Amino acid sequence: MKRLELAIESVILASRWLLVAFYLGLGVALATYALSFGKKLYEFVISAFTLGDTDTILKMLGLIDAALVASLVVMVIISGYENFVSRFDEQDGEVHWLGTIDVGSLKVKVASTIVAISSIHLLQVFLNHASYTTEQLMWLTIMHLAFVLSALMLAYIDRVMALAKGKKA
């Protein structure tokens with residue numbers, strides 16, 4: 001019976017390597033998004049001198065938004081691999097936060113990034129408010145506040161968990 005238990009545990013532990021397909025897929029998606037970003041950047045540079053101030057700000061906010069999304073994907077790939085699959089070997093140029101983000105911290109960082117992305121999107125909407133109805137503006141603001149509240153709650157839970165771990169140690 002012990003032999004069967006060890007075999008099952010080995011299969012379960014080995015199944016974490018299936019996550020590599022997801023992280024590689026996210027890498028491909030990130031590369032595709034980088035091409036999309038390059039296209040947006042090219043279009044912005046070409047039209048920069050013909051755009052008004054508001055349109056220039058909107059285009060730059062779109063680029064910032066893309067950078068935040070890309071950073072979020074990288075954060076998920078690296079810390080997800082590190083937390084669930086395998087530790088990275090020591091390398092020169094190692095990312096300083098590599099190995100320091102646990103699952104709770106990752107959730108807080110992801111939620112914070114989502115709030116930042118939502119903030120940028122909401123700012124874009126407010127700068128272009130004539131294109132939206134009052135009801136749409138209200139719902140977009142409510143959704144943003146829901147993201148903010150969720151991020152705050154995740155940070156609070158992470159803090160409480162850290163304090164509980166500190167008391168046990």
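**Helix packing and the nonpolar core**

T113 is located in helix α4, where helices (H or I, at least four residues) and strands (E, at least two) are DSSP runs numbered from the N terminus. The model is a predicted one, in which local features need pLDDT of at least 70 and side-chain atom pairs count only at pLDDT 80 or more, while totals for chains, interfaces and linings use all residues. Residues are numbered from 1 along each chain as its sequence is written, and side-chain values use heavy atoms, with hydrogens and water left out.

With a relative accessibility of 12%, T113 counts as buried (buried, under 20% relative accessible area; exposed, over 50%; partly exposed, in between; 1.4 Å probe, protein chains only). Apart from neighbours within four places in sequence, T113 is in contact (heavy atoms within 4.5 Å) with L68, L72 and M75.

Helix α4 spans residues 103–127 and packs with α3 at an angle of about 170°, the axes lying 10 Å apart. Axes are lines fitted to C-alpha atoms, for helices over the stretch in contact, and angles run from 0 to 180 degrees between N-to-C directions. The pair α3 and α4 is therefore roughly antiparallel (angles under 35 degrees count as roughly parallel, over 145 as roughly antiparallel, 65 to 115 as roughly perpendicular and the rest as oblique). The contact of α3 with α4 involves 19 nonpolar, 6 polar and 2 charged residues; Ala, Val, Leu, Ile, Met, Phe, Trp, Tyr, Cys and Pro count as nonpolar, Asp, Glu, Lys and Arg as charged, and the others, Gly among them, as polar.

Helix α2 (residues 19–47) packs with α3 at about 165°, with 10 Å between the axes. Helices α2 and α3 are therefore also roughly antiparallel to each other. Residues of the α2 contact with α3 comprise 20 nonpolar, 3 polar and 2 charged.

The largest nonpolar core consists of 5 residues, Y23, V73, I77, Y81 and V85. Such a core is a set of buried Ala, Val, Leu, Ile, Met, Phe, Trp, Tyr and Cys residues joined through side-chain atoms within 4.5 Å. Helix α3 (residues 53–84) provides the largest share of this core, 3 residues. Beyond neighbours within four places in sequence, Y23 is in contact with V76, I77, G80, Y81, F84 and V85.

V148 lies in helix α5 (residues 134–168) and, at 25% relative accessibility, counts as partly exposed. The C-alpha atoms of V148 and A111 are 8.1 Å apart in space, with the two residues 37 apart in sequence.
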